[in-house]
Amino acid sequence: MIAIHTCELLVVGAGPAGLAAATLAAGLGVDTMLLDEQPSPGGQIYRAITSSPLRANKKILGEDYWSGESLIGPFQASGAKYEPGATVWAISRMTAPELAGGFEVGYSVGGEARMLHAKHVLLATGAQERPFPIPGWTLPGVITAGAAQILLKTAGVVPGDRTVLAGSGPLLYLVAWQYLNAGIKVDALLDTTPAGRLGKALPHVWGFLRSAYLAKGLKLLRAVKANIKVIQHVSAIEALGQDKLEAVRYTANGQQHTLQADQLMLHQGVIPNINLSQAVGVTLRWNDLLMCWEPQVDDWGNTNIDQIGIAGDGAGIAGAWAAEHRGRIAALEAARQLGKIDQARRDSMARPHIDAYARAVRGREFFDTMYQAPDPFRLPTGDTVVCRCEEVTAGQIRETVKLGCPGPNQMKSFLRCGMGPCQGRFCSVTVTELIADERGVSPEEVGHYRLRFPTKPLTLGELASLPQTDASRQAVVRLKKPV
Amino acid sequence: MYKRLPESEQAMTGHAVAVTINGEPVHCRQGDSVAAALLAAGHADCRDTPVKGVARGPFCMMGVCYDCLVTIDGQPNQQGCMIQVRPGMVIERQQGARKVMA
């Protein structure tokens, strides 16, 4: 029989939260394992930081990106075990008496399934792009701004012809700035931030003025606006083309314009990547400012499921700096629960990280209010695709609500939306909001997709390659009853 | 169309990875994902969808959206953005849903 790996603490995700958590936990003598989907550590924010071809010219990505290196060395020296290229697809509590609690974790590496036993699990699954459902967003040539940045970081691959960036928020401008640094031409940046947002955000300006983001942000904005055609108050965008993107049509200040384009890069903020948390049974709540589902966690990252913690953007969007500190705070709590440190030690060790976390989130309300994704780009109508996998449109979803379908899970049986390979990752928030919009109730009342393991597609061949334990065999073999 | 920055070209010099994309030989940088290699080689799309049969290409580049599914070395439904190029890899456009294989 193949040996099943065991650890005390399993950390899922090697972004700032996961790296910082695993480093600290291992340093406290916790037997720690870090599983991450990507081939090298860093998460999406510091993606490919150890392997990027842009290391030769650090000014393209900028110093904030390279600051992520401060997490790598300590992690590599920490003694934490690390498995890259590992996709976790199931986490379940072990019930067999001899296993004494803990979790059985299923994951795959290179198409081969494996099992791991862990006493405590810390999910540091980060963020993903918020869906940007506009007409034509499924056309080849339309990608997320995050994807554009990943191409740049991992491979030094950049657009070579007509390029339009569209949406709102800091990341969009950061990509534009990085392209400027690399000498890449951006034809236009369509900013969808509605007029009047600054007024709404102003009550939060005090925090923003004391934020470390301010000086950096202004410098970046100035550089982008001086070099790229920025169109403000864009209220509608369509990607046009037959088999690929050919043009972008947009409305600004009541006027419609069309730009020829080969690439359109979309961004309107990020949302927590919650599929694992959701499937394991963590309670979610709807965040009305950030317009997304968030796992409910306490100050230490604890969830409603014993021995499952969440840290970083996967517990609610707060950015990379905050993620790092939340990772450390959650690691200290895990170490306490695993009996490595007592509560007093946890509290004293956590203090600097709690302070640093508070500093890191200063000014977030200003950002979040300023760049909240506007209604027309969150609540599509008509033929606009909502579920990219099953190719379900906004019109179909709205019609189905009118027929009496009350929620996302019922919607699956009508339309199959959310049932394709992405398992709702790119339609979940939109479907909830569309149903809420049609019913005239809150997203919280509508609820969310119910997710089950495996959270990522798995072949039967992969499953069959799993090592079998006596417990797993007994779970499926029917015992012959004496007659 | 996408292109490589000089830093990326430089990283390829001397140790490019040779693959084929839809039968055409293509040189990639070691460490490129299949999806990045497709885009850098001028392929905006990589498959036709199972429901409506329309063209799709890589979209999120981080393993979330499953739009970059391609056939790699005869295996359909492979996530192009999550798999790195290997010498001799055969990458093919995927048409519709995968077929059940014996």
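1. Chain A is divided into domain 1 (5–128 + 272–341), domain 2 (131–268) and domain 3 (379–446), with bounds that come from an automatic or database domain assignment. This is a predicted model, in which local features need pLDDT of at least 70 and side-chain atom pairs count only at pLDDT 80 or more, while totals for chains, interfaces and linings use all residues. Residues are numbered from 1 along each chain as its sequence is written, and chains are lettered from A and ligands numbered from 1 in the order in which they are written.

2. The C-alpha centres of domain 1 and domain 3 of chain A lie 30 Å apart. Seven residues of domain 1 of chain A are in contact with five residues of domain 3 of chain A, where contact requires that the C-beta atoms of two residues, placed from the backbone, lie within 7 Å. On the domain 1 side, β18 (284–287) and β19 (292–295) of chain A each supply at least two residues; helices (H or I, at least four residues) and strands (E, at least two) are DSSP runs, numbered from the N terminus. By class, this side of domain 1 has four nonpolar, two polar and one charged residues, counting Ala, Val, Leu, Ile, Met, Phe, Trp, Tyr, Cys and Pro as nonpolar, Asp, Glu, Lys and Arg as charged, and the others, Gly among them, as polar.

3. Helix α5 (residues 170–181) and helix α8 (residues 213–227) of chain A pack at an angle of about 60°, with their axes 9 Å apart; axes are lines fitted to C-alpha atoms, for helices over the stretch in contact, and angles run from 0 to 180 degrees between N-to-C directions. This angle makes α5(A) oblique to α8(A), since angles under 35 degrees count as roughly parallel, over 145 as roughly antiparallel, 65 to 115 as roughly perpendicular and the rest as oblique. Residues in the contact include A:Tyr173 and A:Trp177 of α5(A) and A:Leu220 and A:Val224 of α8(A), and the contact has ten nonpolar, two polar and no charged residues.

4. The contact between the chains takes 39 residues from chain A and 36 residues from chain B. On the side of chain A that touches chain B, the largest share, six residues, comes from α4(A), and the residues of this side divide into 18 nonpolar, eleven polar and ten charged.

5. β9(A) pairs with strand β1 (residues 2–4) of chain B in the antiparallel sense over three bridges, where pairing requires that DSSP finds at least two bridges between two strands. A:Val158 stands opposite B:Lys3 in β1(B).
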